[in-house]
Every structure is written in structure tokens, then in C-alpha cells.
Amino acid sequence: MKNTVKTFQEAKNNGEKLTMLTAYDYSTAKLIDESGVNSILVGDSLGNAILGYDNTVSVTMEDMIHHGAAVARGAKNALVVVDMPFMSYQISVESAMENAGRIMKEAHADAVKLEGGTQICPQIRSLVDAGIPVCAHIGMTPQSIHAFGGFKVQGKDVGAALKIVKDAKAVEAAGAFAVVVECVPAIIGKKITEMLKVPVIGIGAGPDTDGQVLVYQDMLGIFSDFVPKFVKQFAQVGELMRAGFADYDKEVKAGTFPGEKQSYAMAPEEEEEFEKLLGQMEFE
Ligand code: KIV
């Protein structure tokens, strides 16, 4: 069954947990979709996980549309949420509308995600009025990494914690259908989840949110440049990949791959004639 903003709200109303994972390509999206995960986020974390940048600031609209469209082709049931990249919505409501419109039309997203609280409520309101579902993202918002002075837990003191709660209430009032809250003390995740009517999806926000999101390379042990405290590695796929790549390298160099099983044959009479004619041909 296709997950929609309506089924997200029903899950919250019924106290059912929601799952979201990132993906950036067709094959991975298909695997996640088939596993029953509710939503696929084409996160701008593709900057780190796929493109090898130190952060998400350099990610462009073209990157998001290119990867978003690939994911949308692989996701039949999961709700596809595509991140709006840095500076594609902060400048003005008009630029947010134009760029979100491109993501919906060219990447075939089901929804967009924007980072920020009270300051981006005008953008959220306009997008929602135009029929574009918006997932908000508050707490540790990676596009503001330079302002935070690094990937740091947010809301550790009372003032900062209250500001995050205020942001949560504001983005809900502006029309967000869900709110991602990242890297905050568990008590903030819990309180926001209790206070909001819309689903709250946590990443490093403790166990009490309505759902969880993780970057798939983190949870499969593929990306290990930096493993945040909130990540659990559910499988060691990185190890498996490394072993597979090394076996391939060994077998090609030893001449054991490809073997007969992986090779195509000609009909014997064709092969015989081919050898004969080839022997008679003269090449310059
Ligand atoms: O870009 C991303 O993957 C995200 C998640 C970490 C929530 O925004």
C-alpha cells in the first residue's frame, strides 16, 4: 500500500511507529521499498554519503533532482521525500516555490523537506498552500553546520531546548505534515512528540518520537568516515562489499573469472567456419 501524508497522520493517531531511510539511487530505493519501510528520504546527505563532500552545503538542485528521480522510479509504496538543498529556499518564498516545484515535477517527489524553524515558516506556508507537502527539519540542521561550529548536539541548555520546541510548534502551525528532529537530548524528542499532532521523526532524538530515520550507509556499516553516537549498524555490509571486491580482483588476476559459466558460446559449425575464414583473412 502506498504511504502518503494521510497514512503518516493515521500512524501517529494510532500510535504506530514510522520508519524512514535515506536512498539516492534506484536499486537501493527498490530494496528499501520492498522491505516495508514507510518512507524514503533523498537526503542532501548525499553530499557526504555519495559525493564525498565534508558536509551538505555544496549539494545542488541538479544533484537532488537527478538522485530524487532515480529513487522515485524505484519506490512504489514508500513516501518519497526529497531534501531542498542549501540556498534553494532560504533566499525568498519565490525561490522556495520555484525550486520545490522543480523537485515535485522533475524528481517526481511526494514531498519536500526544508531545514529550519520559525524563520522558514513563510516558505512552508506558501508551499503547503500550493499543494506541496512539506516535512520540516529542526534541531541539528546540517546545512547550518558552519553556524553551529560543527556537527554538535543542539538544545543542551534550557534556552536552546525551548527554542527547538518553539520551532516545532511553528512549523506545525505553518502546515508541515511531519517534523524531523535531529541530534537533540531525548527529553526534547519526547516532549515535541507529545506536543505535536503531526508525526515527529527522530534521528538522534531518543526512543520516544513517532518514527525514526537513518542514513542507510550508516546503518549498514558502509560509511564509516564518521559514525555518530545515534547510529546503530544493523549489518556489516561494508565488510561484505570489501570482501566481494577483493575476491573479484583476485579471480580476474588469477584467470579464474570469467569462466565457462559466464561466457557465451557460438554454435560449433559457426565457430569452425569463423576460425577457418579468419585464418584466410589478410589484415594490414
Ligand atoms: O540529509 C539527510 O539524510 C537528512 C537526515 C539525516 C534526516 O536530512
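Pro-258 sits in the loop that runs between helix 11 (237-254) and helix 12 (268-280); helices here are DSSP runs of H or I with at least four residues, strands are E runs of at least two, and both are numbered from the N terminus. The peptide bond joining Phe-257 to Pro-258 is cis, with omega about 0°. Before going further, please keep in mind that this is a predicted model, in which local features need pLDDT of at least 70 and side-chain atom pairs count only at pLDDT 80 or more, while totals for chains, interfaces and linings use all residues. Residues are numbered from 1 along each chain as its sequence is written, and side-chain values use heavy atoms, with hydrogens and water left out.

His-108, in the loop between helix 5 (93-106) and strand 4, has a positive phi of about 60° although it is not a glycine. For context, most residues other than glycine have a negative phi, and most peptide bonds are trans.

Now let us turn to the ligand. Around it (a heavy atom within 4 Å) you will find residues including Thr-22, Leu-41, Gly-43, Asp-44, His-137 and Ile-203. By class, this shell holds 4 nonpolar, 4 polar and 4 charged residues; Ala, Val, Leu, Ile, Met, Phe, Trp, Tyr, Cys and Pro count as nonpolar, Asp, Glu, Lys and Arg as charged, and the others, Gly among them, as polar.

The ligand takes up the space of the largest pocket, where sitting in a pocket requires more than half of a molecule's atoms within 2 Å of its grid points. A pocket is an open set of points on a 1 Å grid over the protein atoms alone, where a 1.4 Å probe fits, with protein on both sides within 12 Å along at least five of seven lines; lining residues have an atom within 4 Å of a point. Of the 36 lining residues, Phe-151, Glu-182, Phe-226, Pro-228 and Phe-230 lie nearest the centre. Helix 3 (46-49), strand 4 (111-115) and strand 6 (178-182) each supply at least two lining residues.
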